[in-house]
Amino acid sequence: MPCNTPLNKISFSSILAITATLLILSITCIDTAAEDKGLAIAREWDRRDSGYNDYSAIMIMTLRSAEGKEAVRKMRMLDIEVEGDGDKSILVFDEPNDVEGTALLTWSHKFKDDDSWIYLPSLSRVKRISSNNKSGAFMGSEFAFEDIGSQEVEKFSYKFIEESALNGQPCYVVDLVPVYANSGYSRQRVWYDKPEYRIVKIDYYDHRKELLKTVQILDYKRYLERFWLPGQYEMVNHKTERSTTLLIQNYKLRNGYTQRDFEPTGLERIR
Amino acid sequence: MLRNCVLLLLLVISTAAHAGFDSAKYKLEVTPELRLFPDSPAYSGQTDNCSLSISALGKVDMEWNDGLTKLAIYPFARLDSEDSERTHADLREFNLRQRTGDFDWLIGVGKVFWGTTESLHLVDIINQTDAVESIDGEDKLGQPMLSLAWAIPVGVLSGFILPYFRERTLPGENGRFRAMIPYDTDSAIYESSHKQHHIDSALRWQYSGGGIDIGLSQFLGTAREPRFIFNQDQTKLLPVYDLIRQTGLDFNFVSGSWILKLEALYQSNRIENFKAAVGGFEYTIPTASFDAPEIGLLAEYCWDNRGSDSLSIYQNDLFLGLRIGLNDIAGSEMLAGITQDMQHSSRYISIDASRRIENIGRIALKLRVFNDISTNDPLYTYKRDSYLQIEFTFYFSGEISKEKDHGR
């Protein structure tokens with residue numbers, strides 16, 4: 001049927017416009033829903049992971065080159081929760097020998113730049129350092145500084161992708177986009193296991209949107225009948241074929257640390 | 001006083017040792033070193049074109065009471081092929097620390113650092129400089145002390161009683177880095193009639209948080225930096241240690257990639273009261289890449305109101321530096337700096353580079369160049385002492401622990 005009346009023409013273009021608007025609206029709605037759901041999953045993960053007060057652990061890193069050459073790094077980690085802000089943590093190096101006694105203190109913050117200091121035992125000096133080198137490799141490993149620090153919900157924006165099984169385990173898959181400056185990643189794709197909201201795998205994408213690294217998080221154990229803490233991280237760099245195994249042992253929760261144990265003055269007591 | 005302190009310390013240690021320690025760590029660092037001087041020496045008797053040296057630093061750290069009580073014993077010794085004054089030994093640390101509530105006690109020989117700038121450590125005063133170790137002033141002698149740090153609601157307040165003064169080590173007749181006339185370190189002159197036994201004291205308040213670090217300090221006692229006078233027949237330079245009163249400030253402000261730094265002091269003494277300051281920034285280049293090295297740019301300006309009369313070589317100087325950390329397995333790093341005197345032509349260049357040799361130790365290269373040194377600069381007598389140093393540090397360590405504890 002010919003419909004060449006002006007009225008018809010208008011209705012047709014109106015319908016087009018309305019359809020387009022609806023389409024955009026619905027996409028936005030779906031998007032908002034995906035963001036909300038992603039954030040909700042991250043919040044639930046954070047909620048289940050909060051309330052331990054403080055913990056300490058031993059970290060053993062094995063760095064592996066593409067040819068299979070290995071190097072070992074040993075550290076002690078001390079961490080305390082801070083009411084309404086990110087955790088404070090101290091990393092003390094035990095191996096290699098030339099950095100033994102060096103301690104890295106970080107006050108992570110939810111909404112502003114982290115504060116960092118390093119204690120250099122050879123000079124007995126506590127030095128303020130810039131916290132913007134988040135993207136760099138940690139001690140030559142495949143972990144970046146930003147992979148090791150305390151993970152705050154507020155440091156990312158979220159998008160729920162799907163529910164899918166990983167190694168037979170049902171998971172929530174969520175994309176995390178860093179909202180802090182100088183991240184080495186355009187996004188992280190995170191797998192949370194469905195019953196316990198434990199992070200079991202992360203794919204890291206660089207700024208060219210290419211898959212850079214993958215970490216598998218294994219050997220979760222339950223502490224204080226509540227907190228699931230991992231015993232092993234397997235990080236693989238897809239570009240270089242280098243890998244790093246991080247073992248975390250001797251978890252101790254609720255040691256009774258105080259905020260004072262995490263002050264830059266007195267960091268030399270740690271060695 | 002000193003003997004009593006040592007006795008008390010030994011008593012406390014033997015009591016604590018009797019109680020049985022939780023953990024003990026032993027470490028030994030051995031560093032052979034070669035220095036090459038391209039220029040022949042300026043004064044007769046000085047080291048020719050090369051010197052060989054070896055140093056050892058032992059470290060024993062013990063813990064009791066869940067880490068609340070700690071003992072550190074760090075002896076140090078060096079043998080030098082050329083300069084008998086550089087062949088020396090020191091107890092870098094020998095102290096007992098105790099944490100009780102909001103208080104941290106330390107008794108014994110300790111090491112304390114105050115300050116923030118890179119080119120110059122202006123405010124730092126507790127420990128004497130071990131000047132035969134290096135010309136940078138980074139190496140310090142152990143200081144006998146009783147100190148108490150009190151965590152108050154805003155920051156930490158620390159008090160120090162320093163019952164014994166350590167004289168600065170200075171190069172001997174055969175050493176480089178000396179004046180035309182050799183030093184006589186055995187005949188130091190003191191303003192205080194108590195000489196080395198004058199009881200020095202210091203107070204410091206320090207606060208960190210919200211992107212700033214601030215330290216305010218007051219020191220009363222014997223100057224760490226000597227001035228020099230001739231002996232009677234003008235054949236030797238004698239170090240003179242005056243009594244001083246010094247107020248210091250050190251400050252950091254952090255914002256994103258920038259750290260702004262400032263150190264300032266006011267000193268009164270019997271010769272000439274003076275003010276000095278050093279300030280500048282460290283800028284870390286943002287990378288947002290996993291493979292990129294960490295690169296820092298530094299700029300600092302040093303000022304002293306005594307101008308050319310200053311003992312300090314940093315009276316009106318601009319320092320520019322470049323720091324590179326590769327974040328690689330070898331932990332390769334480099335710091336290069338140039339200090340340009342804005343008044344005279346003098347230029348001082350330093351480059352430090354080092355990397356780890358896995359499971360063995362660390363190799364380091366240090367280059368120091370005195371360039372175009374003007375005749376009225378305190379550095380003038382060093383003008384032929386540019387050098388390249390190659391050193392390798394071997395590490396040995398062991399540990400005994402009853403139960404793996406993570407310390408606090």
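Which residues of chain A have a pLDDT that stays under 50? Select residues 1-7 of chain A to find them: pLDDT stays under 50 there, and the model has one contact beyond four places in sequence for this stretch. Where pLDDT is low, the predicted coordinates should not be read in detail. You are looking at a predicted model, so keep confidence in mind as you go.

**Stop 1: confidence overall**

Color both chains by pLDDT. Chain A averages 89, and 89% of its residues score at least 70. Chain B averages 91, with 93% of the residues scoring at least 70. For the model, ipTM is 0.90 and pTM is 0.89.

**Stop 2: where the chains meet**

Now show both chains together and turn to the place where they touch. Here 43 residues of chain A are in contact with 43 residues of chain B. On the chain A side, the elements that give two or more residues are strands E1 (54-64), E2 (70-82), E6 (125-129) and E15 (243-253). Sorted by class, this side of chain A has 14 nonpolar, 16 polar and 13 charged residues.

**Stop 3: inside chain A**

Next, select A:Ile90, A:Val92, A:Ala103, A:Leu105, A:Phe138 and A:Leu267. These are the residues with the most contacts inside the largest nonpolar core, which has 38 residues. In soluble globular proteins, nonpolar side chains tend to be buried together. Several elements of chain A give two or more residues to this core, including strand E3 (85-95), strand E4 (103-107) and helix H2 (145-148).

Zoom in on A:Val92. Leaving out residues up to four places away in sequence, A:Val92 touches A:Met75, A:Arg76, A:Ala103 and A:Ile270. Apart from this core lies another, of 34 residues; to see part of it, select B:Leu71, B:Ile125, B:Ile135 and B:Phe219, which are among them.

**Stop 4: two backbone details in chain A**

Go to A:Pro96, in the loop between E3 and E4 of chain A. The peptide bond that leads from A:Glu95 to A:Pro96 is cis, with omega near 5°.

Then move on to A:Glu241, in the loop between E14 and E15 of chain A. Phi of A:Glu241 is near 65°, a positive value in a residue other than glycine. Is A:Glu241 buried or exposed? A:Glu241 has 11 other C-beta atoms within 10 Å, so it is exposed; the cut-off for exposed is 12 or fewer.

**Stop 5: chain B as a whole**

Chain B has one helix and 21 strands. Its radius of gyration is 22 Å, close to the 22 Å that the globule rule gives for 408 residues, so chain B is as compact as a globular protein of that length. Along the principal axes, its C-alpha atoms fill a box of roughly 60 × 60 × 45 Å. Of the 408 residues in chain B, 38% are buried. Among contacts in chain B with a separation of 6 or more, 57% link residues 24 or more positions apart.

**Stop 6: a sheet of three strands**

Still in chain B, pick out the open sheet with the order E8-E12-E11 and mixed pairing. Strands E8 (189-190) and E11 (227-230) stand at the edges with a single partner strand each, so one side of each is left without a neighbour in the sheet. E11 and strand E12 (residues 237-241) run antiparallel and are joined by four bridges. To see one pair, select B:Ile229 and its bridge partner in E12, B:Leu238.

**Stop 7: three residues of chain B**

B:Asn273 is in the loop between strand E14 (258-268) and strand E15 (274-284) of chain B. Which residues is B:Asn273 in contact with, leaving aside its neighbours within four places in sequence? They are B:Gln267 and B:Ser268. B:Asn273 counts as partly exposed, with 13 C-beta neighbours inside 10 Å.

B:Ala288 comes next, in the loop between E15 and strand E16 (294-304) of chain B. Its phi is near 60°, a positive value in a residue other than glycine. With 19 C-beta neighbours inside 10 Å, B:Ala288 counts as partly exposed, because buried needs 20 or more.

Finish at B:Phe392, in strand E21 (residues 387-401) of chain B. B:Phe392 is partly exposed, with 16 other C-beta atoms within 10 Å. Beyond residues up to four places away in sequence, B:Phe392 touches B:Thr31, B:Pro32, B:Gly361 and B:Ile363.

Definitions and conventions: Residues are numbered from 1 along each chain as its sequence is written. Chains are lettered from A and ligands numbered from 1 in the order in which they are written. This is a predicted model: local features need pLDDT of at least 70, side-chain atom pairs count only at pLDDT 80 or more; totals for chains, interfaces and linings use all residues. Two residues are in contact if their C-beta atoms, placed from the backbone, lie within 7 Å. Ala, Val, Leu, Ile, Met, Phe, Trp, Tyr, Cys and Pro count as nonpolar, Asp, Glu, Lys and Arg as charged, and the others, Gly among them, as polar. A nonpolar core is a set of buried Ala, Val, Leu, Ile, Met, Phe, Trp, Tyr and Cys residues joined through C-beta atoms within 7 Å. pLDDT is the predictor's confidence in each residue, from 0 to 100. The radius of gyration is taken over C-alpha atoms; the globule rule is 2.2 Å times the number of residues to the power 0.38. Two strands pair if DSSP finds at least two bridges between them.
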